[in-house]
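Open the model in your viewer and keep the sequence panel beside it. The tour below goes from one selection to the next and says what is found at each stop.

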Amino acid sequence: MGRPFLKMNGLGNQFVVVQAQDEPFDPSPDEVRAINDHTPYDQLISIEPSRSPGAAAFVRFWNNTGEEVGACGNGTRAVAWLLMEAGRNDAVTFATEGGLLSGERAGDHVVRVDMGEPRLRWDQVPLAEEMDTRGIELQIGPIDAPILHTPGAVSMGNPHVVFFMDREPDDALVRGAGSLIEHHPLFPEGVNVGFAWPKAQDRIRLRVWERGAGLTKACGTGACAALVACARRGLTGRRATMELDGGELTIEWRESDGHVIMTGPIELEFTGRL
Ligand SMILES: N[C@@H](CCC[C@H](N)C(=O)O)C(=O)O
C-alpha cells in the first residue's frame, strides 16, 4: 500500500501534502511527475522532522514538473494550519530552504503567515544582469509599441516578475506572455510571471503564470511580490486585498520590519494513498 497524503488547496492553488516526519520522503523528478499524473496538483509539499531549534518541522516544495522550489505562499498557509491542528496550538514556526516562516490562526480555516522580507536586489531575484528592480528592461510586443513593459522584479524566496496593467489581464495575454517570459534568458532560474491591475490604493486584481505549473487559480508568493512591486512604484499603499481567480488574499508589507504578511483561507479536501 502507498504512503498516505493529504489533498489541500489555498484559493484553488492545489497541493498534495506528504507527512514525512516518521518516514523519509525524497522523490525524484520522475516520481514528482508521476504523483501529479495520479492526483493532479500545482505543488507537492513534504513536512519533515525539524532540523533546527524553534522550528516545528522542515518543509519542502516541488512544482508538478519535477523541480524543487524555495517558496510557496499558499502552501505555507496549508502547512501552518496542519501543524497547528496537530499541535493543538494557535501559532507555529517552521523552516524551509528559504528560512524560517511562521503562521497563526486568523479565523476558521483562515491563516496569517509571515513570509519574511522581499529580496529586491537584482542578483537576489536573480536577474542575469544588473537592473533597477522597480522597473526592469523587459517588454512584451513590438519595440515601438509594447503591449506591456518595465515590470517590477521581486524574490519572495522564489523569483517573480510583475507587469503593471490598466485593465483585466485576459487569458490569452496571461498564457501567451507568461509562458514566453517564464524561460526568458534574463531570469537564469526561470520566473513566475504576475499581471497586476492596481484598481485602488488598497485593491489589486492579479493573475499569475507560475513557473513549473502554468496558470494557477492563485499564487501566494505572487500576491506578496505584486503588492511589493506595486507599492514600490507608488501604485498602491503597503496593504491591499488581492483579487485572484480563486478568491481573495490580504497582503501587508509591514512598515515596522519590512516583512510581508499574508492572510487567507486553506481547505483540506480529502486524504488518500500515493
Ligand atoms: N503556488 C505557489 C508558488 C509555487 C512555486 C512557484 N511555482 C515557483 O516555481 O517558484 C505560491 O502560492 O506561492
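**Stop 1: G220**

This is a predicted model. Start by selecting G220. Is G220 buried or exposed? G220 has 28 other C-beta atoms within 10 Å, and 20 or more are needed to count as buried, so G220 is buried. Its place is in helix α4. Now show the residues that G220 contacts, other than those within four places in sequence: G10, C72, G73, N74, T76, R77, L249 and M262.

**Stop 2: the ligand**

Select the ligand next. Which residues are closest to the ligand? They are G73, N74, N158, G220 and T221, out of 20 residues that surround the ligand. Two elements, α2 (73–87) and α4 (220–232), each give two or more residues to this shell. Colour the shell by class: 13 of its residues are polar, four are nonpolar and three are charged. Then colour by domain. Domain 1 (4–116 + 265–273) and domain 2 (139–258) each supply at least three residues of the shell.

An unreviewed UniProt entry lists a "binding site" made up of N13, Q43, N63, G73, N74, N158, N192, E210, R211, G220 and T221.

**Stop 3: E210**

From that UniProt list, pick E210. E210 belongs to strand β14 (residues 203–210). It counts as buried because 27 C-beta neighbours lie inside 10 Å. Residues up to four places away in sequence aside, the contacts of E210 are D42, N192, T216 and C219.

**Stop 4**

Which residues does UniProt list for "active site"? The unreviewed entry gives C72 and C219. Although 148 residues of sequence are spanned, the two cluster in space, with a largest C-alpha distance of 7.8 Å.

Select C72 first. C72 sits in the loop between β5 (68–69) and α2. This residue is buried, because 32 C-beta neighbours lie inside 10 Å. Beyond four places in sequence, C72 touches Q43, F61, G220 and T221.

Then select C219. Its loop runs between β15 (214–215) and α4. C219 is buried too, as 37 other C-beta atoms lie within 10 Å. With neighbours up to four places away left out, C219 is in contact with N13, G73, N192, V208 and E210.

**Stop 5: the two domains**

Colour the chain by its domain assignment: domain 1 (4–116 + 265–273) and domain 2 (139–258). How far apart are the C-alpha centres of domain 1 and domain 2? The distance is 23 Å. Where the domains meet, 21 residues of domain 1 are in contact with 20 residues of domain 2. On the side of domain 1 that touches domain 2, α2 gives the most, with four residues. That side of domain 1 has twelve polar, six nonpolar and three charged residues.

**Stop 6: the largest nonpolar core**

In soluble globular proteins, nonpolar side chains tend to be buried together. Here the largest nonpolar core has 76 residues. Select A196, A223, C224, A226, L227 and M242, which touch the most other members. Which element gives the most to this core? Helix α4 does, with nine residues. Why does this core lie between domain 1 and domain 2? Both domains give residues to the core, so the core lies between them.

**Stop 7**

- Go to V125 and P126, which are joined by a cis peptide bond with omega of about -5 degrees. P126 is in the loop between β8 (110–114) and β9 (139–140).
- Go to L11, in the loop between β1 (4–10) and β2 (13–19). L11 is not a glycine, yet its phi is positive, near 55 degrees. L11 is buried, because 23 C-beta neighbours lie inside 10 Å.
- Go to T150, in the loop between β10 (148–149) and β11 (152–155). T150 also has a positive phi, about 50 degrees, although it is not a glycine. With 15 other C-beta atoms within 10 Å, T150 is partly exposed.

Notes:
Residues are numbered from 1 along each chain as its sequence is written. This is a predicted model: local features need pLDDT of at least 70, side-chain atom pairs count only at pLDDT 80 or more; totals for chains, interfaces and linings use all residues. A residue is near a molecule or strand if its C-beta atom, placed from the backbone, lies within 6 Å of it. Ala, Val, Leu, Ile, Met, Phe, Trp, Tyr, Cys and Pro count as nonpolar, Asp, Glu, Lys and Arg as charged, and the others, Gly among them, as polar. Domain bounds come from an automatic or database domain assignment. UniProt positions are given in the numbering used here, feature names are shortened, and annotations may be inferred rather than shown by experiment. A residue is buried if 20 or more other C-beta atoms lie within 10 Å of its own, exposed if 12 or fewer, and partly exposed in between; C-beta atoms are placed from the backbone. Two residues are in contact if their C-beta atoms, placed from the backbone, lie within 7 Å. A nonpolar core is a set of buried Ala, Val, Leu, Ile, Met, Phe, Trp, Tyr and Cys residues joined through C-beta atoms within 7 Å.
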